Amino acid sequence: MVHCNDSGLGRDSELSPGIKSTYETLMSNDTVIRGLDFMMADDERTLNDQIAICEIPAPTFDERVRGRYYMERLSELDLDCVEMDSAGNVFGLLEGSADGPKLLVAAHLDTVFPEGTDVKVACKHQMYCAPGIGDNSRGLASLLSVIRGFTETHVKPVGNVIFCGNVGEEGLGDLAGVKALFRNNTDIDGFIAVDGLGSRDIVYLATGSRRYEVTYRGPGGHSFGAFGVPSAIHAMGRAIGKIADLKTPTNPKVTFTVGMVSGGTSVNSIAAEATMLIDMRANATGGLSEFEAKALEAIELAKDEENARWQSDSITVHVKLIGDRPAGSQATDSVIVQAAYASIQALGNTPNLEGPHSTDANVPIALGIPAICLGGGGRGGNAHSPDEWYENVDAYLGPQSIFLTILGLVGVEGVCDPILPQRGR
Ligand SMILES: [Zn+2]
């Protein structure tokens, strides 16, 4: 999960009477309670899975080995139709008992750590340390425990549940795995991403981002001998100046930065090439497109001004989109948010409605499909750093709250009907 430090939007949500009664029914059912007890007893096995998963390297764009391992685990757990798609996502189906909604529950396989990173897990005083131990080995392991909760205690969902390990969540992966899943499966009614730690946070708002690589090119030449030709660096400097002056709204928040620049060959050369990377983010699609249009205009204008300065047309600019995560929002009284809220409460905890983040849930949220991101349980810190750590404290609450959320959404045979609506097919 990419944290955007934009918390504070969470408000307490009142549960609707329908959701309340569904969760009262679920929590007074013996089979459901057996499932929850199973996950508590499954805690140590889940931790062992987490360690085993962490020790299989899975850099974004190179998740194959971990993906194959996870696919084998899904097959062992008696899911149907276990397969890997062409993007590298692996998934299996827990078939429902009747016609009902189709829910996709996914944890990302990839890590931000490059090939060659030492991913061996070290344990000291109950603290487990390794890059990726929490994000997202915990999410992947929690999902396995949730699946066992269904298959080993025979809790039968009404709707279909697809469990998935997906590729491409981090960085330049650009949510490629989940984008492929929603491109190839147009009949999914709801989505839960399981990412990172904790068992109280509900992410239901999506921070969108667009990222560009912008390259200016020109003739270049000696700083003295060729003086009089336009410079790629000067053109890019003009663009940066214009972008830096752009004003953005604070609500909904829009942010931007030129995060990296490179170019030129020496101090006494007119630069033939210059490149910059720009990141822009927003919590609403409109604000993002508006800023993007202004930034792209500034980039073109900078080229024209540099050419005009030297009565030339030799500077060109090439703009390449290198990141696209859609923005979107949902109401706190939407069924999927309420189901997660009721589940966390039913386990005796206080739910926390998080501010907007960038997660795999961005993709369905932007498509108008109900979606949230939940933690896999436990606690830890230093995600995305080589010093990442994890403590297995009350960790079973992660799988339990995911399990309960699923049950409410897709229903349980003979116990309660699904509350997640089926979209028009
Ligand atoms: Zn993550």
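Modeller: Happy to! Let's begin with helix 6, residues 176-184, where Ala176, Gly177, Val178, Lys179 and Leu181 are buried. Here a residue is buried if 20 or more other C-beta atoms lie within 10 Å of its own, with C-beta atoms placed from the backbone. Helices (H or I, at least four residues) and strands (E, at least two) are DSSP runs, numbered from the N terminus. The cover over the buried residues of helix 6 includes strand 3 (102-108), strand 6 (160-166) and helix 10 (362-367). Two residues are in contact if their C-beta atoms, placed from the backbone, lie within 7 Å.

A word on the source: this is a predicted model, in which local features need pLDDT of at least 70 and side-chain atom pairs count only at pLDDT 80 or more, while totals for chains, interfaces and linings use all residues. Residues are numbered from 1 along each chain as its sequence is written.

Helix 3 (residues 43-54) and helix 5 (residues 137-151) have axes that come within 8 Å and cross at roughly 135°. Axes are lines fitted to C-alpha atoms, for helices over the stretch in contact, and angles run from 0 to 180 degrees between N-to-C directions. Helix 3 and helix 5 are therefore oblique to each other: angles under 35 degrees count as roughly parallel, over 145 as roughly antiparallel, 65 to 115 as roughly perpendicular and the rest as oblique. From helix 3, Thr46, Asp49, Gln50, Ile53 and Cys54 make the contact, and among their partners in helix 5 are Arg138, Leu140 and Leu144. Sorted by class, the residues of this contact between helix 3 and helix 5 are five nonpolar, five polar and two charged. Ala, Val, Leu, Ile, Met, Phe, Trp, Tyr, Cys and Pro count as nonpolar, Asp, Glu, Lys and Arg as charged, and the others, Gly among them, as polar.

Another pair is helix 1 (residues 17-27) with helix 9 (residues 335-346), packed at about 40° with axes 10 Å apart. That angle makes helix 1 oblique to helix 9. Ile19, Lys20, Tyr23 and Met27 of helix 1 meet Gln338, Ala339, Ala342 and Ala346 of helix 9. The contact of helix 1 with helix 9 has six nonpolar, one polar and one charged residues.

Finally, step back to the chain, which is divided into domain 1 (17-206 + 328-410) and domain 2 (208-325), with bounds from an automatic or database domain assignment. Their C-alpha centres lie 39 Å apart.

Note on methods. Buried ≥ 20, exposed ≤ 12 C-beta atoms within 10 Å, placed from the backbone.
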